Amino acid sequence: METIYQAHINLSRFLSADGQALQALPSWTETPETLVRYYRNMVLARQLDNKIIALQRTGQMGTYASLLGAEAIEIVLGDLMQTSDVLVPYYRNHALQMLRGLSLADMLSYWGGDERGNAAPAMGEDFPNAVPIATQALHATGVATAIKIRGEKRAVVTVCGDGATSKGDFLEALNIAGVWQLPVIFMVNNNQWAISVPRALQCAAPTLAQKAIGAGIRGEQVDGNDVIALHQSISRALQHAREGKGPTLIEAISYRLSDHTTADDATRYRRHDELKSAWEREPIKRLQTFLHQQGWWDEEQESAWQTETRQMIQQGIDQYLQQSDQPVEQLIDFLYAELPDALKPQRERLIRNAQPGGNHHE
Ligand SMILES: Cc1ncc(C[n+]2csc(CCOP(=O)(O)OP(=O)(O)O)c2C)c(N)n1
Ligand SMILES: [Mg+2]
């Protein structure tokens, strides 16, 4: 018998959980600019997340999917992607979407149940949030195919969770990306849970990155709490895509520090000690420790930035709360260029019922 194929998967990590360098660091980390920007944006993302949950708990926001624990993945992707690249996101990418130009008010508006926030002009050619699991992976390969046919130097980035990698859509997308060598990056936010299903029950393979091997594409694991490791992997993958060197699957190891959404209660299925140990590996504290040691960030800067972000967030919230409601008939109008006859009476009824004193039991 002969071995005709052997493969391995690398895990990339530069900073330990307590912010110590584990190996020689890349030269871009010798000056503070990029790392401090990553830190500031992660703090902003976390504050925003807290605030949105508070809005939801006080009835001013719809069901919301927290990004707690995924800040590093979001921020580094958002920083390294160029405007001309295309983002095909899922429902846990709002910090990333904001770095790509989506306003805070529009983002809040989407989570408040107003679809106009998911079709904001500032999103350019980026896609709206995918809520159906893994469908976005195929959309991303479609966009990447168009880019390849046109011979453009652009990358497509799509993000999904660990659970999504079990879906046929995801595997089909990987496969065609390999066959056609598409300029696409599959970023898997492996946060260890798909609602109440733990990673161990999701897939028998020891890594999700190795799904790339079956598709003949590059695949790797990266510590999703380590901005330096993420920066290295993502910039390499983006460069590959833009230069026509094909797709990459990146499995970023993170942890969902929140409930699945505000409609979930993870204490019913998740052990407290697991959550506690995940907090010891989280991305913000790790970078903060490193920045302190370098003398690039101190208490004074921290409190000034906390105040500034609070003000920025409050401004966005005020704008969101002042926005007029979406006319109810848009539920229907948004979907049809020409309204089918059967829906016309329903549309009229919707408008009537939405008026003050409308008959809501009609
Ligand atoms: C096609 C489809 N099936 C089921 C659901 C319900 N659902 C919403 S989120 C989710 C879990 C997804 O987990 P994962 O892919 O790990 O992403 P995470 O939410 O953890 O970031 C499921 C099953 C859905 N939205 N779409
Ligand atoms: Mg998950």
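Predicted model: local features only at pLDDT ≥ 70, side-chain atom pairs only at ≥ 80, totals over all residues.
Which residue in β8 is the bridge partner of I185? Select I185 and follow the pairing across to β8: the partner is T248.

Select the strands of the open sheet, six in number, and trace the order β1-β7-β8-β4-β3-β2, in which the pairing is parallel. At the edges are β1 (11–12) and β2 (86–88), each of which pairs on one side only. In general, the strands of a sheet pair through backbone hydrogen bonds, either parallel or antiparallel.

β2 runs parallel to β3, and three bridges join them. Select V86, whose bridge partner in β3 is V156.

Then select β7 (residues 218–223), which runs parallel to β8 and is joined to it by six bridges. D223 has I253 of β8 as its bridge partner.

**Two covered strands**

Now select β8 (residues 248–253). Why is β8 described as largely enclosed by the rest of the structure? The description applies because six of its six residues are buried. On one side are T248, I250 and A252, and on the other are L249, E251 and I253.

In soluble globular proteins, nonpolar side chains tend to be buried together. The largest nonpolar core of this model has 84 residues, and V156, I185 and M187 touch the most other members. Helix α1 (residues 33–57) contributes the most to this core, with ten residues.

Select M187 and display its surroundings. Apart from neighbours within four places in sequence, M187 is in contact with I73, L77, V157, T158, V159, I250 and A252.

**Around ligand 1**

Centre the view on ligand 1. Which residues come nearest to ligand 1? Among the 16 residues around it, they are I133, G161, G163, A164 and A194. By class, the shell holds eight nonpolar, five polar and three charged residues. β3 (156–161) and β5 (193–194) each supply at least two residues of this shell.

Select α4 (104–111). This helix is mostly covered, with six of its eight residues buried. The buried residues are D106, M107, L108, S109, Y110 and W111. Their cover includes α1, α3 (94–99) and α11 (299–322). After α4 comes G113, which has a positive phi near 100 degrees.

Proceed to M123, in the loop between α4 and α5 (135–150). Is M123 buried or partly exposed? M123 counts as partly exposed because it has 19 C-beta neighbours inside 10 Å, whereas a buried residue needs 20 or more. Leaving aside neighbours within four places in sequence, M123 is in contact with G101 and L102. Select S103 as well: M123 and S103 are 20 residues apart in sequence, and their C-alpha atoms are 9.1 Å apart in space.

Most residues other than glycine have a negative phi. Q181 is not a glycine, yet its phi is positive, about 50 degrees. With 17 C-beta neighbours inside 10 Å, Q181 counts as partly exposed.

Then select Q192, in the loop between β4 and β5. Phi of Q192 is also positive, near 75 degrees. Q192 is partly exposed, since 18 other C-beta atoms lie within 10 Å.

**The whole chain**

Finally, zoom out and colour by domain. The domain assignment gives domain 1 (11–326) and domain 2 (328–362). How many Å apart do the C-alpha centres of domain 1 and domain 2 lie? The separation of these centres is 37 Å.

How values were computed
Residues numbered from 1 in each chain as written. Chains lettered and ligands numbered in written order. Near = placed C-beta within 6 Å. Helix = DSSP H or I, 4+ residues; strand = E, 2+ residues; numbered from the N terminus. Nonpolar A, V, L, I, M, F, W, Y, C, P; charged D, E, K, R; others polar. Core = buried A, V, L, I, M, F, W, Y, C linked by C-beta atoms within 7 Å. Buried ≥ 20, exposed ≤ 12 C-beta atoms within 10 Å, placed from the backbone. Contact = placed C-beta atoms within 7 Å. Domains from an automatic or database assignment. Pairing = 2+ DSSP bridges.
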